[in-house]
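Subject: Structure handover

Hello,

Here is the structure you asked to take over. Please open it and keep it beside this note as you read.

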2 protein chains.
Amino acid sequence: MQIITTVKEMKGIVKNHKALGETIGFVPTMGYLHQGHRSLIERARKENDLVVVSIFVNPTQFGANEDFDIYPRDIDRDSQLTREAGGDYIFHPSADEIYPMGYRTYVEVTDITNILCGGSRPGHFKGVTTVVHKLFQIVSPTRNYFGLKDAQQVAVIQTMVEDLFMDIEIVPCPIIREIDGLAMSSRNVYLSDEDRKAALMISRSLFHAKEAVEKGERNIEKIKKMIRYLLSEEPLLKPEYVEAVSFPRLELMDFIEGRVLIALAVKVGKVRLIDNIIVEV
Amino acid sequence: MQIITTVKEMKGIVKNHKALGETIGFVPTMGYLHQGHRSLIERARKENDLVVVSIFVNPTQFGANEDFDIYPRDIDRDSQLTREAGGDYIFHPSADEIYPMGYRTYVEVTDITNILCGGSRPGHFKGVTTVVHKLFQIVSPTRNYFGLKDAQQVAVIQTMVEDLFMDIEIVPCPIIREIDGLAMSSRNVYLSDEDRKAALMISRSLFHAKEAVEKGERNIEKIKKMIRYLLSEEPLLKPEYVEAVSFPRLELMDFIEGRVLIALAVKVGKVRLIDNIIVEV
């Protein structure tokens, strides 16, 4: 397992493997890897000849008042996990390497980036699509592994790939949770014990919603109300949004029909957590 | 020479040639080809194994009050010229093929798209970079041939390619002119005899500017004044802008230094014409 820091070297390595007809599995991350990331790397390992993991805390997807500066970083730990999970290369560039002086080009998906997380984090998805597009050009992946915890991100990137006719496969992978249900996230390390306890209501409210759908509930307004009510039982949780939209098109709907993404974001103190569940009827 | 109309078929053809290790020369156009385009196709023929010419009047790069509907089209004539110049394929998709229902993704270069033609045609370059990016993904070209008549377009696309780390070569090619100096353009067919005569002052003013620089003039304000004065001698010409900027970075400057693009746009009746000259000191 080797760590590569320049675009040029990464491109050269990929080119050599491509010349041999090898497939490339790519797992783009912001580092501070957890079991969720591990599951993506392991799946990439199974399905491809070469596995590249990128670790890049992307400045352009953070808002001015967000946690870019304090976002957790630990490249040594990440290297070990990547090696154990079967990654061949970590691509770990500096911000200047990805955004050299005078960069001016952005890739943007409209409409579906203004709702859910895009509604509360303006510009976030423009940063995401721009950096992911850059990484795609550098790593030239056959298959890309994204966790469904960021379900909107998966939908947005899939839209970008289709709209731009890119020959790249997006592989959405299931959310990995702690034993008690909390969705794994690099941001979970921010949580105090008390916050951590309150945060359990996040996944619990989603499981309840799923159960309600399974029992026949189709009214989205009622489902959202139920989730909000459950979240309100934990005073430490400040809901940012609770929403249900078609997946992967992310269209607003009144009733559950087909595949529906039920997603939410809450603040627990200064920590912003997201979670979701996909139901299908 | 074959005409391809679907993304899928074009991608398939390109893939087969790539698998043989062949290079692909690409000439993206809006059709109604003239000798300027022919020079691009001939050069692509010399330098590549396969030559693809796209003919697509791209709706997203036209403003609401511009000439999209009446832009000249003649696929039979274009086919003949492409065949004669050595093109292997014409890619001639419908608008729905390039922009299917629900497309939402745009590629945008900022800053340098707000000046010159971008200043008078808001959104124009966003349409250009989006469609050129899509075409690049479909045709997967080794080298791309663009005429320097659209010098700003060349600079913008070069910026996009560099910023997004795309493995694509941009080959800027010289402006081709009529014997009397008028830069070749598909829009020249719009000109009445009287307009056509007046339009000669466009290139003439640029040649004068070049001569002045060669004689030692470095003051850009003076050069612009001279061009404006010459244009004003033809009452049929309504200048839209006269500008001089560094090339290819397109930075405003006070004095000629290094490579400088002297560019202008004028209206002749309803017809908008552009021309430019690059000087180097």
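Which residues does B:Gln152 touch, not counting residues up to four places away in sequence? They are B:Ile112, B:Thr113, B:Ile115, B:Leu116, B:Cys117, B:Gly118, B:Phe125 and B:Leu250. Contact here means heavy atoms within 4.5 Å.

Some ground rules before the rest. This is a predicted model, in which local features need pLDDT of at least 70, side-chain atom pairs count only at pLDDT 80 or more, and totals for chains, interfaces and linings use all residues. Residues are numbered from 1 along each chain as its sequence is written, chains are lettered from A and ligands numbered from 1 in the order in which they are written, and side-chain values use heavy atoms, with hydrogens and water left out.

**B:Gln152**

B:Gln152 sits in helix α7 of chain B, residues 151-163. Helices (H or I, at least four residues) and strands (E, at least two) are DSSP runs, numbered from the N terminus. B:Gln152 is buried, at 4% relative accessible area. Buried means under 20%, exposed over 50%, and partly exposed in between (1.4 Å probe, protein chains only). A polar atom of the B:Gln152 side chain lies 3.0 Å from the backbone nitrogen of B:Cys117.

UniProt positions are given in the numbering used here, feature names are shortened, and annotations may be inferred rather than shown by experiment.

The "active site" annotation covers A:His37. A:His37 belongs to helix α2, residues 35-47 of chain A. Its relative accessibility is 12%, so A:His37 counts as buried. The side chain of A:His37 reaches the backbone nitrogen of A:His34 at 3.0 Å. Leaving out residues up to four places away in sequence, A:His37 touches A:Thr29, A:Gly31, A:Tyr32 and A:Ser186.

A:Arg77 lies over the face of A:Tyr32, 4.6 Å from the ring centre. For a charge to sit over a ring, NZ of Lys or CZ of Arg must be within 6 Å of the ring centre and within 35 degrees of the ring normal.

The "binding site" annotation covers A:Gln61. A:Gln61 is in the loop between β3 (50-55) and α3 (75-85) of chain A. Is A:Gln61 buried or exposed? A:Gln61 counts as buried, at 9% relative accessibility. Beyond four places in sequence, A:Gln61 touches A:Met30, A:Glu66, A:Arg121, A:His124, A:Gly127, A:Val128 and A:Val131.

**Aromatic rings**

How many aromatic pairs are there over all chains? The count comes to 10. Rings of Phe, Tyr and Trp (its six-membered ring) pair if their centres lie within 6.5 Å; planes under 30 degrees apart count as stacked, over 60 as edge-to-face and the rest as tilted.

B:Phe62 and B:Phe68 form an edge-to-face pair, 5.3 Å centre to centre with 65 degrees between the planes. B:Phe62 is buried at 11% relative accessibility. B:Phe68 is partly exposed at 25%. The charged end of B:Arg73 also sits over the ring of B:Phe68, 5.1 Å from its centre.

B:Tyr99 and B:Tyr103 have ring centres 4.8 Å apart and planes at 50 degrees, so this pair is tilted. B:Tyr99 is buried at 6%, while B:Tyr103 is partly exposed at 25%. In chain A, ring pairs link A:Phe56, A:Tyr99, A:Tyr103 and A:Tyr106 into a cluster.

**How the copies relate**

A rotation of 180 degrees, with 0.0 Å of shift along its axis, superposes chain B on chain A at an RMSD of 0.0 Å. The two copies are therefore related as by a two-fold rotation axis. The superposition is by least squares on the C-alpha atoms of residues with pLDDT of at least 70 in both. In chain B, the C-alpha nearest the axis belongs to B:Val107, 2.3 Å from the axis. The same surface serves both copies: 100% of the contact residues of chain B recur in chain A.

**One strand residue**

B:Lys267 is in strand β9 of chain B, residues 259-268. B:Lys267 is partly exposed, at 33% relative accessible area. B:Lys267 and B:Leu237 are 30 residues apart in sequence, yet 5.9 Å apart in space, C-alpha to C-alpha.

Best wishes

Technical notes. Polar contact = N/O pair within 3.5 Å; in protein donor to acceptor, adjacent residues only side chain to side chain.
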